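Dear colleague,

Please find below the structure that I am handing over to you. My notes on it follow directly after.

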Amino acid sequence: MLFPTVEFAIYFPIMLAISWALMSRLDWWKVFIVGASYLFYGTANWKFCLLLAGVTVGNHLFARAIAGTEDPRRRKQLVGTAVALDLAMLGVFKYYAFFVEDVDRVLDSTGLGLPLPLLTIALPVGISFFTFQAITYVVDTYRGHAEPAPLLDVAVYLSFFSHLVAGPIVRASEFLPQINTPRDPNNVAVGAGLFLIAVGLVKKVAVADFLAREVVDPVFAVPEAHSAVDVIFGVYAYAAQIYCDFSGYTDMAIGLALLLGIVFPQNFNRPYRSRSISEFWRRWHMTLSRFLRDYLYIPLGGNRGGRLATARNLLLTMLLGGLWHGAAWGFVVWGGIHGTALVVEHQFRGRKVPFPGWFKWLLTFHVVVLAWIVFRAADLDVAGQLLSQLGDWGPATLITWTTLLVVMLTIGLQLLPERETGELRLRVEQLHPAAMGAALAGVVALVAATVPTQGVPPFIYFAF
Amino acid sequence: MSDVRTPEPPKPPREPRRFRARDALLAIGVAALLLVMFEGPSIRRGGERMDDGFWKTVVLAVGKPADAFGDVVPLPEIGDELTSWLSPDDDLGGPGSFETSAQDTTPQAPAADGKVPPVTPDYFDPHALGDKAPEPRELDTVLVTGDSLAMPLDAEVARRLSAEGIEVVRDPQIGTGISKADIGDWGSISLRQAEKEEPDATVMFLGANEGFPMPKAGGGTVECCGVDWATEYASRARRMMDTYRQDGEARVYWLTLPAPRDEERQRVARVVNEGIAVAAQPFRAHIRVIDMVELFTPGGKYRDSLDIEGEETIVRESDGVHLNKEGARLAADRVLDALTDDFRGQAAAVSQEVSIRMSRLFRLAALLAVGGLMTAMAPAGAPAETGSGPTASPSKRCSVGSGRGYGTTYVRSITTRRVGCSRAKAVVRAFHRCRKGARGRCNSRVKGYSCSENRNGGVGSFDSNVSCRRGGKRVRHAYTQFT
């Protein structure tokens with residue numbers, strides 16, 4: 001179920017009312033949340049619920065077993081097995097088709113001749129997110145950062161509807177304590193929640209989908225048919241689209257959770273104002289960045305083994321981070337570009353770099369935009385074609401005042417001081433709840449009018 | 001000194017207001033109520049478009065009473081009036097609608113007086129008779145349309161043909177079906193597409209969303225998938241084919257449905273394919289039915305992969321319905337082969353995929369090289385031309401004959417880039433129709449081209465150079481106008 005749909009508009013008010021009605025009876029509340037979240041998730045395909053339930057039970061059992069033994073070797077074996085099983089499941093559903101053809105060819109060419117079955121396997125929505133959350137749970141239990149929780153709590157943690165399909169990736173230690181004390185019904189962040197929901201809707205439906213329809217999809221589908229000016233504009237437009245699509249989803253997820261009294265970590269903080277790639281990763285998909293840092297980069301050795309080892313760890317982390325997004329070489333190259341940029345930056349760390357701030361911003365922004373090309377293109381052939389179109393100067397057919405304004409505003413607003421945008425939010429939060437509800441209805445009606453007959457396309461990150 | 005004011009102390013930062021849970025319910029309740037009052041018809045329509053199941057029932061349970069409320073209190077109309085300017089849709093109903101217009105009147109329909117309908121020459125494929133096929137008009141515009149099945153076929157066809165300067169209009173209508181008129185009525189859509197684009201060839205891949213009940217002539221509905229449903233389906237498909245073939249001036253390439261994985265869908269696909277075959281019968285001179293069943297699912301048996309050049313390759317998406325990119329390439333091969341047969345010499349160079357595909361390794365190298373160049377240039381804010389890009393398409397000069405008949409005194413020359421001469425001449429004629437009068441100027445787009453002109457005045461006449469652009473396409477012409 002997508003947030004900006006009629007089904008969800010019916011589902012959420014009912015869920016909100018029952019959730020607060022049950023808040024004083026936590027066990028009932030947890031059972032209800034799990035049921036409601038599985039209903040939300042099962043809309044796509046009820047069979048995926050079985051997978052989610054399996055991940056929940058499996059990781060719960062491993063966490064209990066880890067906590068139940070003092071033997072370090074046994075604990076290590078258990079956590080290793082749990083993580084390997086989680087990754088194996090992710091591998092089967094997400095990467096099987098990616099590798100199977102190549103593996104078959106290698107087997108065939110070496111005469112082993114044991115071809116794997118060539119099957120297309122449906123990708124369960126959100127599998128990358130709930131698998132990573134399951135990994136944080138067992139690893140945190142192993143590290144002693146989290147206590148093993150009852151099965152019901154783990155089920156709430158992994159299935160909670162608003163972060164289930166596309167994050168943010170919330171740690172068990174952040175989430176579990178919140179559901180074990182009743183939320184205070186006299187202190188709910190209603191203003192902030194509604195503001196985020198409205199902003200997220202506008203970002204996703206009015207900006208991201210509009211840019212996709214008018215500029216990005218035509219350029220990336222057939223680069224050959226577009227001049228260099230259109231291609232360049234299309235790439236900038238994609239930078240705006242993906243930010244609005246993903247951060248719009250996150251805004252809604254955080255806003256919805258706030259109305260239920262649950263606080264999620266921030267996931268975006270105006271990433272396009274970054275002056276370095278490392279700063280970009282502190283502002284873009286922040287919960288993935290810290291996952292990669294804490295569960296991949298640091299276990300690999302982090303920056304403790306000298307320059308070469310640090311460079312290797314950075315590059316490996318970003319390559320795997322890229323591959324996490326999907327089974328395609330474009331994502332690997334995307335991770336490689338970011339990893340290389342981080343390695344280069346790391347070489348200059350601690351030295352005085354004689355570049356003005358605006359130059360650093362411009363350079364960082366364009367490295368990020370360049371990397372988006374391989375991220376968005378259907379494959380490397382298309383990415384190469386798109387870049388080769390840069391030599392084909394001609395008229396701009398996709399640049400209109402509206403598309404130009406939308407792209408410039410999306411990127412330009414991130415450069416404003418945070419205080420300016422925070423003030424608007426505070427003003428909204430002073431309104432009477434009924435007025436906020438009316439304003440939200442107005443935003444929904446305006447945004448709904450921009451939706452084509454064919455409906456709202458899924459969020460980009462639903463595919464990851 | 002009394003007017004000396006003491007500066008006011010700075011205001012403390014505004015604190016977020018504290019709300020209670022009931023405020024959340026109030027706000028969400030008000031929003032929901034207003035939306036039900038203003039958006040009732042949209043909720044109902046949304047519910048009707050959903051697949052059968054729990055959520056359809058729930059949405060309709062809200063949408064139907066909300067819609068009924070809207071009939072009494074016209075708030076939805078007010079809402080529509082206020083927000084209609086934001087709608088991105090073309091009108092998907094209107095003229096040509098299956099639901100509202102008269103039933104099939106094409107030659108093969110049973111004659112109203114009960115006589116056997118006449119056989120016309122269009123029934124015959126000249127190739128099958130060993131006859132010379134009538135020369136089609138120049139291949140200038142190809143429309144690739146259908147439902148989600150047409151993606152990524154549309155991009156694949158566009159990529160291959162754009163190198164030849166042939167315009168490919170990609171217009172898939174996701175979620176639509178011939179038997180599913182609530183999202184988009186293909187009677188109207190086909191008419192709009194044919195009138196707007198005037199495609200010389202239409203590639204149609206449609207059928208992922210079929211199997212819905214259809215209203216039949218004389219009232220009532222016909223359920224899938226018996227003879228009555230197939231008859232209605234074929235009648236509708238035939239009307240669309242007739243629209244796209246534009247009185248025999250254009251060609252249509254209609255792809256059948258490869259068997260889907262799901263058995264229930266397989267049954268629908270079989271009926272749809274029969275409907276397509278029957279629909280095309282009277283127009284075999286202009287309609288090619290391209291068999292995807294034999295290509296992807298021989299014997300009607302579903303499979304995920306095919307042996308392509310000795311290597312087993314996945315050709316379907318995981319949903320068991322759509323083609324993946326590799327599958328789309330195969331389908332595009334068939335389409336382009338058929339196009340080449342009909343428009344011999346015009347699309348010949350594009351039927352071989354290898355002609356435009358660079359090796360992956362080369363692409364990667366180009367990508368990294370150009371990427372590095374672009375990064376280096378980024379601070380300057382303007383990427384420069386790269387050596388690896390294709391060279392610009394050469395300009396082509398068109399014969400203008402006596403130069404008469406274009407709507408001005410005479411046209412001296414026409415040159416084009418990435419446009420066929422017949423389309424270029426049509427643009428020139430449209431430009432002069434738009435000018436209105438000897439001294440008039442054209443200030444609006446013509447056939448999608450925006451034009452600018454440079455006049456050199458003389459006594460009693462002027463000469464002018466006009467440049468019209470649409471994307472990478474150019475039509476330039478020079479004319480003389482007596483005043």
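In which helix of chain B is B:L75 found? B:L75 belongs to helix α3 (residues 75-83) of chain B, where helices (H or I, at least four residues) and strands (E, at least two) are DSSP runs numbered from the N terminus.

Please note that this is a predicted model, in which local features need pLDDT of at least 70 and side-chain atom pairs count only at pLDDT 80 or more, whereas totals for chains, interfaces and linings use all residues. Residues are numbered from 1 along each chain as its sequence is written, while chains are lettered from A and ligands numbered from 1 in the order in which they are written.

B:L75 counts as partly exposed because it has 16 C-beta neighbours inside 10 Å. The term buried applies at 20 or more other C-beta atoms within 10 Å of a residue's own, exposed at 12 or fewer, and partly exposed in between, with C-beta atoms placed from the backbone. Not counting residues up to four places away in sequence, B:L75 touches B:M37, B:F38 and B:G70; contact requires C-beta atoms, placed from the backbone, within 7 Å. The C-alpha atoms of B:L75 and B:L34 are separated by 9.7 Å, and these residues are 41 apart along the chain.

Chain B as a whole contains 11 helices and 14 strands. Of its 483 residues, 42% count as buried. Among contacts in chain B with a separation of 6 or more, 62% come from residues 24 or more positions apart.

Helix α9 (residues 325-342) of chain B has 18 residues and spans 25 Å from first to last C-alpha, close to the 26 Å expected (1.5 Å times one less than the number of residues). Its buried residues include B:A328, B:A331 and B:A332. The buried residues of α9(B) pack against α4 (153-162), β3 (201-205), β6 (251-255), β7 (287-290) and α8 (293-296) of chain B. B:L153 is in contact with B:A328, B:A331 and B:A332, among others.

B:L153 is also one of the residues that touch the most other members of the largest nonpolar core, which has 230 residues. Such a core is a set of buried Ala, Val, Leu, Ile, Met, Phe, Trp, Tyr and Cys residues joined through C-beta atoms within 7 Å. Helix α10 (residues 228-259) of chain A gives the most to this core, with 22 residues. Another core, of 18 residues, lies apart from it and includes B:V411, B:V427, B:V466 and B:V475.

In chain A, helix α5 (residues 127-143) is largely enclosed by the rest of the structure, because 15 of its 17 residues are buried. Just after α5(A), A:G144 takes a positive phi of about 85 degrees.

Turning to the strands, 5 of them form an open antiparallel sheet in chain B, in the order β10-β11-β14-β13-β12; strands pair if DSSP finds at least two bridges between them. Its edge strands are β10 (396-398) and β12 (450-457), each pairing on one side only. β12(B) is joined to β13 (residues 461-470) of chain B by 8 bridges. Separately, strands β8 (residues 305-308) and β9 (residues 311-314) of chain B pair in the antiparallel sense over 4 bridges. In their hairpin, with 2 residues between the strands, B:E309 takes a positive phi near 50 degrees.

Yours sincerely

Notes. Contact = placed C-beta atoms within 7 Å.
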